[in-house]
Amino acid sequence: ARPSENLFPDTTKGFIVIANMDQLTDQFNKTQIGQLMADPVMKPFAEDLRRQIESRWSGIRKRLGLELDDIKDVAGGEVAIGGILPAPDTAAFAIVVDVTGHDKQVKALLAKVTGNLLALGGKQSKPPAGGGAITLFDVPAPANALDNRPRKACYFYSGNLLAASDNLEVLVGILARAQGKQGGSFAQVSAFQAVMQRCA
């Protein structure tokens, strides 16, 4: 799959990329913090920290039907998460995962996500904008939500790439850039380039 910064739009405002999930875990476990967290004395603290991370993730889980462990299970390369501002009053979220070598797991995950979103009352469709590659779910807002507008969750699985977003326009753009049909990527943003130069 192409590097994630070439797939996300130039309206991306926050971006996290993990080059390799297994390598990240291995390298973290070798750090002093990783060794401290592995100490049996720290187990209650480590479990509480994991609960807190999962709690922060719960908003994404509700929007897209994805668990953190789901992403780890299908990742064969980069995992990227981005906060996007496609319009001044519109915020969007996207996940792009290189799933090389995990076809079976991806299909099982998509079946699970579909079941989760349909159980929430979502209506499934194939919007023309994605050329038939994107699956869109229109999901009613939860009964106790402050914002009662319906939510959108959309996915595509193409080649070695799995992508999801809560904004159809954003996902259509990611798919187009993955196919080499559209520019305007995050990689072209001068602030991103400056950060990467510092990292290098």
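Read along the sequence, the protein runs β-α-α-α-α-β-β-α-β-β-β-β-α-α. That makes seven helices and seven strands. Both are DSSP runs numbered from the N terminus: helices are H or I with at least four residues, strands are E with at least two. The model is predicted, so local features need pLDDT of at least 70 and side-chain atom pairs count only at pLDDT 80 or more, while totals for chains, interfaces and linings use all residues. Residues are numbered from 1 along each chain as its sequence is written, and side-chain values use heavy atoms, leaving out hydrogens and water.

**Overall shape**
- Along the principal axes, the C-alpha atoms fill a box of roughly 55 × 45 × 35 Å.

**Packing and surface**
- Of the 200 residues, 35% count as buried. Buried means under 20% relative accessible area, exposed means over 50%, and partly exposed lies in between (1.4 Å probe, protein chains only).
- Take contacts (heavy atoms within 4.5 Å) between residues at least 6 apart in sequence: 56% of them join residues at least 24 apart.
- The protein exposes about 11,700 Å², and carbon and sulfur atoms supply 55% of that area. Accessible areas come from the Shrake-Rupley method with a 1.4 Å probe; for residues, only the protein chains shown count as cover.

**Charges**
- There are 22 positive and 20 negative side chains, and the centres of the two sets lie 4 Å apart. Lys and Arg count as positive, Asp and Glu as negative; His and the chain ends are not counted. Each charge is placed at NZ of Lys, CZ of Arg, CG of Asp or CD of Glu.

**Salt bridges**
- The structure holds five salt bridges. Each is a side-chain nitrogen of Lys or Arg within 4 Å of a carboxyl oxygen of Asp or Glu.
- One of them joins Glu-47 and Lys-43 (3.9 Å, N to O). These two are four residues apart in helix H3 (residues 43–64), so about one helical turn separates them. Glu-47 is partly exposed, at 38% relative accessible area.
- Another joins Asp-70 and Lys-112 (2.9 Å, N to O). This pair links distant parts of the chain: Asp-70 sits in helix H4 (residues 68–74) and Lys-112 in helix H5 (residues 103–119), 42 residues apart. Asp-70 is buried at 9% relative accessibility, whereas Lys-112 is partly exposed at 38%.
- Lys-107 and Asp-103 also meet in a salt bridge (3.1 Å, N to O). They are four residues apart in helix H5, so about one helical turn separates them.
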